[in-house]
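Biologist: I would like to learn how to read a model of this kind, one feature after another. Could you take me through it, giving the general idea before each case?

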Amino acid sequence: MEKLKVAFTALGCRMNHFETSAMEEEFENRGYILTEFSDKADVYVVNTCSVTNDADRSSRKTLRQAKRRNPDAIVVATGCYAQVSPEELAKMDEVDIVIGNSHKTAVLEIVEQYINENRENKVFIDNIFRKNEFETFFISTFYEGARPILKVQEGCNSFCSFCIIPFARGKVRSGSIDQIESQVKTLVERGFKEVVLTGTQLSQFGYDRKDENLYLLLKRLVKIDGLYRLRLSSMGINELDDELIALITSEEKIAPHFHLSLQSGDDRVLRDMKRNYTTAQYEKVVSEIIKRRPETAIGTDIITGFPTEDEKAFENSYRFVSSLPLAYMHVFTYSARKGTSAEKFKDPVHPQEKKRRTRQMIALSEEKSIAFRKQFLNKKLEVLVISEKDGKKVGLTGNYIHIRFESEKPVNSITEVLLTEVGRERENNTGKEI
C-alpha cells in the first residue's frame, strides 16, 4: 500500500502547537509521510482554536483551504473549537472527522479506523469535565528554536465570565512531578538547555493532586544537572503565593520572564469578568517581582470592549496599564462566547469603538515593548542561541529579548552579546557578540 501523505497545522496557543507536533511524530512513526500544510496531502489535521470568534473563523477558513487543496483528502478538525462546537464543524461539507480535546490523544487511531473500517462516525467527543486524568503525549520534538515545549498541566478551574477555555479544556489535570522530572531530564540529556513549561493555567498545576503544586515542581526541576533555564507560561497573580514569588525571583535557572494575565485595569470590569483580584492586588504582585528581580519581563493580556467596559472604565484600564512596568501586552477585542456567563451582559460596546480601543492599547503595547528593551541598550547580556536566520544567529535572553548577531557559535550554545540596536518589533533587535 502506498504511504499516505499527512499535513498538520495548529492555531492558537503553545499547547496546541505542542500537541500538534506530538501528533505529527505519531503519524510519522506509523509510516505516514509528513508534508507541508500548503501541499497536496491525503489527510489534513487542523488543531483548531476557539478563544475568540475570530479564532473560530480562522479555523473554518483553514479547514476549507485544506479541502480545496485536495477534494479527495480526509480533513480532520480537532482542538478547542471541535470540543465546544462539534455540531457546527460537522455540518461543514469540507470536514470529514471532528475530534474533540476529549479524544485528542487518539487522533491517529480514529483516522486509521475511518480510512480502513468505518466512515459513518464523524464526531468523536465526550464531556470534557469527565476527564479526571492528565493525558499527554510522550516527549515531542516540538520546540521554538532550541527550546522544547513541555505540557505539564491542562484545564482551568477559574471560569472567568468571558472565557470558553474551561469548556474546551475541562477542569485542571496535572502530570506528576516524578513524570515531569523524568521528561525534563531526558530533554537535558538530549542536549537541550532551556525547557518551557506550558499548560492552560500553569499556576494551577497540582490543584488536582495531593501534596503537589507548582512550587514543589520547580524546586525539583531546578536541581537537574545540566539544565540551564526553565521558562514558565501564563500564570494568574492570585495563584502566586509568597513562597512561589520568592522562588521565581531568586532562582537563577528560572527565566525572569512571567506572563501574568490582567484582562482589565478597571476594578468593576474585573469583578464582572470574575477575575477574583483587584488592580491593587495585581500591581502589588508585579511590583514585588520587579523589586526582587529588576530585569524581569512581565507580559500580560488585555481585553478591550468587554460589555460593561464603558468609556470611563476603558480610560481607567488604559491609565492603569500605562503605569505598570510591562515588557509587552497581548491585546484582544472582546467577542461573546456561547455558554459563558458574560453572554447575559449582551454587547453594548459598538464594534467601531471596540476597534478604536484595541488600536489604542496596541499602540501602548508597542511603546511599552520598546521602552523595556531600551533599558538594556549597550549592556552585556547572556543569550541562548536558539536559531539562525539570514546568516545571523538569534539569541534569547532570560527576560525574553531576541537579539540577532554574527557568531560562529552553534545553535543551543550560550554566549554574551552587547545589545546595540532596539527594533520596533519585539524580536527585531541587533547586537554584537563579546
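Modeller: Let us start from a single residue and its contacts, where contact means heavy atoms within 4.5 Å. Leaving aside its neighbours within four places in sequence, A297 is in contact with P256, H257, F258, A327, F372 and N399. Bear in mind that this is a predicted model, in which local features need pLDDT of at least 70 and side-chain atom pairs count only at pLDDT 80 or more, whereas totals for chains, interfaces and linings use all residues. Residues are numbered from 1 along each chain as its sequence is written, and side-chain values use heavy atoms, with hydrogens and water left out.

Biologist: Does A297 count as buried or exposed?

Modeller: Buried means under 20% relative accessible area, exposed means over 50%, and partly exposed is in between, with a 1.4 Å probe and protein chains only. A297 has 1% relative accessibility and therefore counts as buried. A297 lies in strand β14, and its C-alpha atom is separated by 6.8 Å from that of L326, which is 29 residues apart from it along the chain.

Biologist: Which strands make up the open sheet, and in what order?

Modeller: Strands (E, at least two residues) and helices (H or I, at least four) are DSSP runs numbered from the N terminus, and two strands pair if DSSP finds at least two bridges between them. Here the open sheet has 3 strands in the order β13-β14-β15, with parallel pairing. Its edge strands, each pairing on one side only, are β13 (257-259) and β15 (328-333). The twist averages 15° from one strand to the next; such angles run from 0 to 180 degrees between N-to-C directions, and axes are lines fitted to C-alpha atoms, for helices over the stretch in contact. Strand β14 (residues 297-304) is joined to β15 by 6 bridges, and D301 has H330 in β15 as its bridge partner. Helix α11 (residues 279-292) packs on the sheet and touches β13 and β14, its direction making about 160° with that of β14. Helix α13 also packs on the sheet, touching β14 and β15, and its direction makes about 170° with that of β15.

Biologist: At what angle do helix α12 and helix α13 pack?

Modeller: Angles under 35 degrees count as roughly parallel, over 145 as roughly antiparallel, 65 to 115 as roughly perpendicular and the rest as oblique. Helix α12 (residues 311-323) and helix α13 (residues 351-374) pack at about 10°, with their axes 11 Å apart, and are therefore roughly parallel to each other. Among the residues that make the contact are F314, Y318 and V321 of α12 and R356, M361 and L364 of α13.

Biologist: How does one describe a pair of aromatic rings?

Modeller: A pair of aromatic rings is described by the distance of the centres and the angle of the planes. Rings of Phe, Tyr and Trp (its six-membered ring) pair if their centres lie within 6.5 Å; planes under 30 degrees apart count as stacked, over 60 as edge-to-face and the rest as tilted. By this rule the count comes to 11 aromatic pairs. F306 lies in the loop between β14 and α12 and Y334 in the loop between β15 and α13, so the pair ties together parts that are 28 residues apart in sequence. F306, at 0% relative accessibility, counts as buried, and so does Y334 at 5%. The rings of F306 and F345 have their centres 5.9 Å apart and their planes at 65°, so this pair is edge-to-face as well. F345, with a relative accessible area of 26%, is partly exposed.

Biologist: Which strands does β17 pair with?

Modeller: Strand β17 (residues 392-396) pairs with strand β16 (residues 380-389) in the antiparallel sense over 5 bridges, and 4 bridges join β17 to strand β18 (residues 402-405), again running antiparallel. V394 of β17 stands opposite S387 and also opposite R404 in β18. The hairpin of β16 and β17 has 2 residues between the strands, and D390 takes a positive phi near 55° there, while in the hairpin of β17 and β18, with 5 residues between the strands, Y400 takes a positive phi near 70°. Strand β17 is mostly covered, since 4 of its 5 residues are buried.
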